[in-house]
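The following exercises are meant to be worked with the sequence and the model in view. Each task is followed by a solution in steps.

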Amino acid sequence: MAHNDPMIWGKDLTKTIGTQAIVKGVNFDIPRGLIFGFVGPSGCGKTTTIRLLTGIYRPSGGEVRVMGKLPTKFTRRDREKIGYMPQHFALYPDLTVRENLNFAASIYGVGLGRRARIKQLMQFTDLFEHQWKLARHISGGMQRRLSLAATLIHRPELLFLDEPTAGVDPILRQKFWDYFAQLRLNGTTLFITTQYVAEAVNCDLVGLMVEGNLLAVDTPAGLRRSAFGGEVVVLKTQDTIESTQIAMIDQLPFVRAKTKRTDENEIHVVVDEASTAIPALVEWCTKQHLPVDSYQEYLSPFDDVFVTLIKKQSKDM
Amino acid sequence: MFRFLIRVSAFISKELAEILRQTPLILTLVLGPFLILLLFGIGYRSEARPLRTLFVLNNDSDLKQQVEDYAKNLGPQLIYMGITPDQGSAIRALRSGAVDLVVVVPEDALKTIQDNRQAVIHIYHNEIDPYQASYVEYFGSVYIDALNHRFLHSTTEQSQAEASSVQGEVHTARVSIQNLQQAMDQGGIQAGVSDKRQLVDKMEEDLTNLDTKLTAFDRMDPTVMITPFLGEIKGMANINIKPAEFFAPAVIILLLQHLAVTFASLAIVREQRSGTMELFRVSPLGSFEALAGKYLSYLIFGGTLAALITATVILGLKVPMQGAWRDYALVILVLLFTSLGLGFLISLVAKTEMQSVQYAMFLLLGSVFFSGFFLDLRYLSEPIRSLSWALPATYGIRLLQDIMLRGTSVNLVPFFALLGIGVGMFIVAWWLLRRRLQQEWS
């Protein structure tokens, strides 16, 4: 596999179980060394897609390559490069935290430096204090952390994490994402599914999955732009903005969509690029004798972005 | 009250729905024991076990024909296996299980009886089961009684033949006396002196014969006359085995088989249920590595348990150990290996842990009935008996009884048969696990 080849590539990837199509003609082209966030509601086909990419499932149609190979034909060496954290806790409740990590290290053939690695991961996941506890006696959040530590034990090049932050408190969740970013810096590619759409902001690329269809794949900013037609600038003036003035703003060359009034002296303007549009807007207001109180780029919550994208998609269909 | 009933009804409907959705499990629970009892009923032979009997007798023995006639006509409980002059080969046949009894008839049996002593017939058996040994001893005494009866019958016939000759001699003597009287009455004594002399000599000879026979009869020991043959029954085992001691090896084997099967039967189905199999599918772990690891761990665990059980049986219950510990350990190891294979197969077939446990219990019940644990396999008819040889316990019980109670070394045929089954099960379990790991997850 050449360095520039995509880490994960799929074309018209389809999976039907029984008579139900779970994944419907999905296309992927994920470069190595970044975080790919796979976002979508529960039951939309995220886990099935991960199972297709890890070779657990055979595709019903289409093509898929992971690290340049068919996942169902992975060799042992290929599998040693992959880490997989399933959605549910899949370790041993009657083993201690440390014993579970030792087991995970063993099945990946980790020999030298195992003790140090286990200690490092337990410290990272705040499980060091609980290392002698049985996995059945630790909380659900701790079990997620234990699963994550077990997945990372062999320093994989490609990580598939199926909802790693589910059931984890917000502080630790952020810590997880910080660690994922650190892994990415070290060259690891991460394929992460999540139901928390707000987490998409932590990803380099985001795929939006709805009912087996991959609606969009883009950077978080790109998705925002897709959702709203461009970047959104919030403009607040000291005086009331007249309707005629809003109509004039809509005619400006860098404005991409109909301007929305949110208050009598506040509007949301969709522009090509906020950084260049803001000075132009301020200049236009000055010319119109409309004193500007404040202006800023509006970063809408990703929940709004996804709801908008899904609505747009539904309209198109 | 109404709410109480509603709450109770919640469990009634829930439990019934859960039970009814496990149809295979219910069928196994209900039909399994019935099936075992049915098979047992079909296979069980209630009549007394016939004994394959080999006689040791010189080819030129006077008794050869008689023994052969007796043996062939004694009844269905004795299967005549022939006559051999070689006692050593007969004992080897007994040890190998080719025959059930060896009857050694002394070379000089008739002479011994004529010398007014009982001829001792040695009957050898290889039973260690006290009940079977009692049966063989009883059968042996019946056989000797029958032999005595027949011998007495034939001797009486012979004596009757001899009595008629004695009667002839008495008749001749009477005729001689009459002739002598006639000659004396006619007064022709002088004329027939030599004839009269002959008549007197003949009379004396006849009376001497009669006297000899009566003297011999008079000297005869009544015991020897009534029971000319005495049976001495000997077992090949060097010790007197009590019932509790006899059952000890079977209990060890059955316990270890059940433990190994139960633990192994849960091993893979539990991985399947917990989702760790999904992790294995993505990991570089191979099916052979997973299975070998599981085998080794349970062998260590089973071996430790076996050591504890053995210590309890030997030190606590004072069950004798006649053979070598190395042989004992070897048999336990192979039994555990084969039982684990059986357990892993159950684990790969069962869908739930409850099903696995149920299958393991079903196997235990089958082993109690068909492994020879409480009923000698010779009381089972074919093809039911063949079922017994599918159970590791059947081989294990025999091997361990031989080592512990007979003091023999490992019997290679059942040992390698057990090992072969174990290897076969390992290969099938490996293939099934490999398929499971390659199959789509559902």
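**Exercise 1. Determine how many salt bridges join chain B and chain A, and identify the residues that form them.**

Solution. The model is a predicted one.

Step 1. Between chain B and chain A, the count is two salt bridges.

Step 2. One of them brings together the side chains of Glu289(B) and Arg76(A), with an N to O distance of 2.7 Å.

Step 3. Another salt bridge links Arg51(A) with Glu278(B), where the closest N and O atoms are 2.8 Å apart. This pair crosses between chains: Arg51(A) belongs to helix α1 (residues 46–54) of chain A, and Glu278(B) to helix α10 of chain B.

Step 4. For the structure as a whole, 16 salt bridges are found over all chains.

**Exercise 2. Describe the contact between chain B and chain A: how many residues does each chain give, and what area is buried?**

Solution.

Step 1. Chain A contributes 20 residues to the contact, and chain B contributes 18 residues.

Step 2. The two chains bury about 1800 Å² between them, and 56% of this area lies on carbon and sulfur atoms.

Step 3. Eight residue pairs, both members at pLDDT 80 or more, are in polar contact between chain B and chain A. On the side of chain B that touches chain A, α9 and α10 (276–282) of chain B each supply at least two residues. The largest share of that side, six residues, is provided by α10(B).

Step 4. Sorted by class, the side of chain B that touches chain A has seven polar, six nonpolar and five charged residues.

**Exercise 3. State which residues lie nearest the centre of the largest cavity, and which elements give two or more residues to its lining.**

Solution.

Step 1. Three cavities of 30 Å³ or more are present in the structure. The largest cavity has a volume of about 130 Å³.

Step 2. Its lining consists of 14 residues; nearest the centre lie Tyr84(A), Leu91(A), Ala150(A), Thr151(A) and Leu279(B). Two or more lining residues come from each of β5 (82–85), α3 (97–107) and α5 (140–152) of chain A.

Step 3. The lining of the largest cavity comprises eleven nonpolar and three polar residues, and no charged ones.

**Exercise 4. Find the elements that give two or more residues to the lining of the second largest cavity, and classify that lining.**

Solution.

Step 1. The second largest cavity holds about 50 Å³ of space.

Step 2. Among the residues that line the second largest cavity are Leu256(B), Phe263(B), Tyr298(B), Phe301(B), Gly302(B) and Leu340(B). The elements giving two or more residues to this lining are α9 (243–274), α11 (287–316) and α12 (325–349) of chain B.

Step 3. By class, the lining of the second largest cavity has nine nonpolar residues, one polar residue and no charged residues.

Conventions. Residues numbered from 1 in each chain as written. Chains lettered and ligands numbered in written order. Predicted model: local features only at pLDDT ≥ 70, side-chain atom pairs only at ≥ 80, totals over all residues. Heavy atoms only, no water. 1 Å grid on protein atoms, 1.4 Å probe; cavity = no way out; pocket = protein on both sides within 12 Å on 5 of 7 lines; lining within 4 Å. Points joined across faces, edges and corners; volume = space filled by probe spheres on them. Helix = DSSP H or I, 4+ residues; strand = E, 2+ residues; numbered from the N terminus. Nonpolar A, V, L, I, M, F, W, Y, C, P; charged D, E, K, R; others polar. Contact = heavy atoms within 4.5 Å. Buried area = accessible area lost by both parts, 1.4 Å probe. Salt bridge = Lys/Arg side-chain N within 4 Å of Asp/Glu carboxyl O. Polar contact = N/O pair within 3.5 Å; in protein donor to acceptor, adjacent residues only side chain to side chain.
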